[in-house]
Amino acid sequence: MASCLTVSPLLVQLQSSSKIRPCKWKRSSSTPPFVTKASASRTTSLPASEPGKLPMREIPGDYGLPFIGPINDRHDYFYNQGTELFFESRVQKYNSTVFRANMPPGPFISSNSNVIILLDAKSFPVLFDMTKVEKRDLFTGTYMPSTELTGGYRILSYLDPSEAAHEQLKRLIFFLLKYRSSHVIPEFHSTYTSLFQTLEKELADKGKADFGNANDQAAFNFLARAFFDTNPSDTTLGSDGPTIIQKWVLLQLGPVLTLGLPKFLEDPILHTFSLPPFLVKKDYQRLYEFFYNSSGSVLDEAVRLGISKEEACHNVLFATCFNSFGGMKILFPSMLKLIAGAGVKLHARLAEEVRGAVKANGGKVTMAALEMMPLVKSVVYEALRIEPPVRLQYGKAKRDFVIESHENAFSVKEGEMLFGYQPFATKDPKIFENAEEFVADRFLGEGEKLLKYVLWSNGPETENTTLENKQCAGKDFVVLFSRLLVVELFLRYDTFEVEWKKSALGASVTLISIKKASF
């Protein structure tokens with residue numbers, strides 16, 4: 001299931017509502033941040049350089065004074081500049097997509113904020129190379145949330161593949177995904193049919209319909225029904241699952257989030273000291289009991305693999321709630337926003353492809369039907385490229401080695417922390433033409449060769465998740481869920497429009513008009 005960050009229910013929307021029209025994003029600087037001054041005019045794919053042919057350069061940048069430097073960078077990252085400009089300005093300052101800086105949260109939550117930042121498609125993949133980097137306790141970056149939030153266990157996401165428990169737990173997640181995989185398509189159809197019926201009624205009554213809250217409930221219900229054969233509303237958990245998850249996630253990710261509050265309030269509360277786990281202890285216990293009571297066969301398999309039922313349940317809960325629910329919470333609104341913005345011509349093409357494939361397969365959505373929808377798949381990959389749900393990746397150097405950007409080679413020392421901000425790597429104009437634009441058919445035909453630069457799953461899309469790497473265990477399922485969302489949309493509608501507001505980690509989307517299927 002996808003490794004992904006979720007958004008707190010407290011997040012304040014940071015920009016005013018905007019009706020979707022164009023589908024192009026422009027950065028604040030005139031030159032794309034990963035095109036350095038020496039190569040600003042070169043915006044097409046380049047062949048890989050020969051090893052050892054690039055000039056060596058000392059990694060530019062610095063960490064500032066102890067304690068003061070990390071706080072200054074934190075304030076720039078959250079308040080003075082914002083995330084994108086924080087990176088852009090330093091790329092321009094150092095004329096390099098590889099440089100040194102501090103990453104939040106810094107004092108007093110993180111003991112060491114010093115990182116080497118990687119912002120291009122060539123240097124970024126070193127973060128997936130298990131021969132060069134380790135991933136122990138780096139899931140959230142330069143700090144690790146208290147294990148009191150996960151039952152006292154270090155969860156799979158925090159384990160390095162070299163640890164014995166990593167293989168056991170990842171094998172268990174593989175079992176979970178396979179055990180009831182035949183239920184995914186029918187449960188998705190049932191759950192999201194109900195979702196869109198609800199949104200249609202709200203749209204008719206109020207003139208608009210909020211996608212976010214309805215999607216949260218639908219996502220949790222779908223995951224519970226598809227993988228655990230349990231309807232949450234039939235249990236004591238009721239409809240509380242999404243709200244509890246978001247509070248629980250806030251305590252883990254608060255140090256790297258901004259809620260849009262005044263700096264003098266937010267910085268000491270979220271970024272200086274960790275929020276205490278007791279704030280969600282009772283709520284987390286309710287989630288745990290729900291999954292323990294619903295996961296009988298999975299927990300039995302865990303015992304067979306040598307994992308206690310308790311540890312297994314905490315891992316299953318995390319994989320479902322933090323990873324999968326979180327991914328659907330961020331990715332699905334983003335997809336709606338992007339597809340709506342692409343306009344009616346794309347909508348017509350998608351409707352024709354979706355309905356034709358379903359009709360050719362007996363009127364049902366099946367895997368065979370999905371394989372007849374290449375445009376749908378390309379749209380999903382493009383959404384994952386332009387707005388990846390997991391933006392931050394970390395790795396600690398296991399040994400000395402050399403890393404290369406497009407222009408230079410750099411020496412990295414054992415023990416140094418590497419950090420990559422994925423949206424810059426997946427919108428590298430040296431790899432992708434019109435890199436800032438949502439191009440729906442980018443990955444059709446010869447475009448499939450570019451899938452190795454789609455990195456949302458903690459690895460290239462062209463590679464497989466294994467017991468030996470940190471690539472998302474549910475990589476293929478996340479793509480499947482996303483394709484199913486597009487299919488459900490265009491089985492029901494010819495076209496639709498949305499309004500959206502930018503939030504800390506994604507988009508808050510409101511449906512404002514629909515045109516129901518006419519053929």
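This is a predicted model: local features need pLDDT of at least 70, side-chain atom pairs count only at pLDDT 80 or more; totals for chains, interfaces and linings use all residues.

Let's start with Tyr192, which counts as buried because its relative accessibility is 0%. Phe188 is buried too, likewise at 0%.

The structure has 41 aromatic pairs in total. One of them joins Phe124 and Phe128 in an edge-to-face arrangement, with 5.7 Å between the centres and 65 degrees between the planes. Phe124 has 0% relative accessibility and counts as buried; Phe128, at 14%, counts as buried as well.

There's also an aromatic cluster, whose members include Tyr77, Phe86, Tyr394, Phe419 and Phe424.

## The open sheet

Next, look for an open sheet of 5 strands with mixed pairing, in the order E2-E3-E9-E6-E4. Strand E2 (98–102) and strand E4 (133–134) are at its edges; each has a single partner strand, so one side of each has no neighbour in the sheet.

Further in, strand E3 (residues 114–118) and strand E9 (residues 417–421) run parallel and pair over 3 bridges. Ile116, for example, has Leu418 in E9 as its bridge partner. Helix H2 (residues 83–94) lies across E2, E3 and E9, at about 130 degrees to E2.

## An exposed spot on a loop

For a contrast, find Asn464 in the loop between helix H14 (422–425) and helix H15 (475–492). Is Asn464 buried or exposed? With a relative accessibility of 57%, Asn464 counts as exposed.

Beyond its neighbours within four places in sequence, Asn464 touches Asn469 and Gln471. Lys475 is 11 residues away from Asn464 in sequence, with 8.3 Å between their C-alpha atoms.

## The whole chain

Stepping back, the chain holds 15 helices and 11 strands. It has 519 residues, and 59% of them count as buried. Among contacts between residues at least 6 apart in sequence, 75% link residues at least 24 apart. The accessible surface is about 20900 Å², with 52% of it belonging to carbon and sulfur atoms.

Technical notes:
Residues are numbered from 1 along each chain as its sequence is written. Side-chain values use heavy atoms; hydrogens and water are left out. Helices (H or I, at least four residues) and strands (E, at least two) are DSSP runs, numbered from the N terminus. Buried means under 20% relative accessible area, exposed over 50%, partly exposed in between (1.4 Å probe, protein chains only). Contact means heavy atoms within 4.5 Å. Two strands pair if DSSP finds at least two bridges between them. Axes are lines fitted to C-alpha atoms, for helices over the stretch in contact, and angles run from 0 to 180 degrees between N-to-C directions. Accessible areas come from the Shrake-Rupley method with a 1.4 Å probe; for residues, only the protein chains shown count as cover. Rings of Phe, Tyr and Trp (its six-membered ring) pair if their centres lie within 6.5 Å; planes under 30 degrees apart count as stacked, over 60 as edge-to-face and the rest as tilted.
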